[in-house]
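Dear colleague,

Please find the structure below. My findings on its nonpolar packing and aromatic rings follow.

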Amino acid sequence: MASWDDVRRIALSLPETSERPSYEGVAAWRVRDKPFVWERPLRRKELDDLGSAAPDGPILGVRVADLGVKEALLADDPAVFFTTPHFDAYPAVLVRLDRVDVAELGELVEEAWYARAPKRLAATYRAETAPPDA
């Protein structure tokens, strides 16, 4: 299962990414100052709202491309992905970090980066990392 070290390693391997604490003082990773993944402890109201379903492990906030992607992730694996009313109508999901494997984490972080990176930077990175034509 994934750890904060995995998040840090994956996020910082992407172009023009920096790590800077969020306004709450928790870890956040940004591309050109736009956050794309962040540590997201649950707030008291969220804990109350979730009740016994509230996870007690580490939680990663992940930006997604749009609300359709968000809904697909939530439906695909509710044991890993969840949300709270705070994120209603916002393209982000919460991830139980201790329930996601490192390969899937890599895909999530990279897609979050693409969702926030400037178009030219994203296109350049995509071209550099595309498999060679067969």
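The largest nonpolar core holds 31 residues, and F36, V37, V95, L105 and W113 have the most contacts inside it. Such a core is a set of buried Ala, Val, Leu, Ile, Met, Phe, Trp, Tyr and Cys residues joined through side-chain atoms within 4.5 Å; buried means under 20% relative accessible area, exposed over 50%, and partly exposed in between (1.4 Å probe, protein chains only). Helix α4 gives the largest share of this core, 6 residues. Helices (H or I, at least four residues) and strands (E, at least two) are DSSP runs, numbered from the N terminus. A second, separate core of 9 residues includes A28, L42, I59 and F82.

This is a predicted model: local features need pLDDT of at least 70, side-chain atom pairs count only at pLDDT 80 or more, and totals for chains, interfaces and linings use all residues. Residues are numbered from 1 along each chain as its sequence is written, and side-chain values use heavy atoms, with hydrogens and water left out.

The structure also contains 5 aromatic pairs, that is, rings of Phe, Tyr and Trp (its six-membered ring) with centres within 6.5 Å; planes under 30 degrees apart count as stacked, over 60 as edge-to-face and the rest as tilted. W4 and W29 are stacked, at 6.4 Å centre to centre and 15° between the planes. W4, in helix α1, lies 25 residues from W29, in strand β2. W4 is partly exposed at 22% relative accessible area, whereas W29 is buried at 0%. Ring pairs also join W113, Y114 and Y125 into a cluster.

With kind regards
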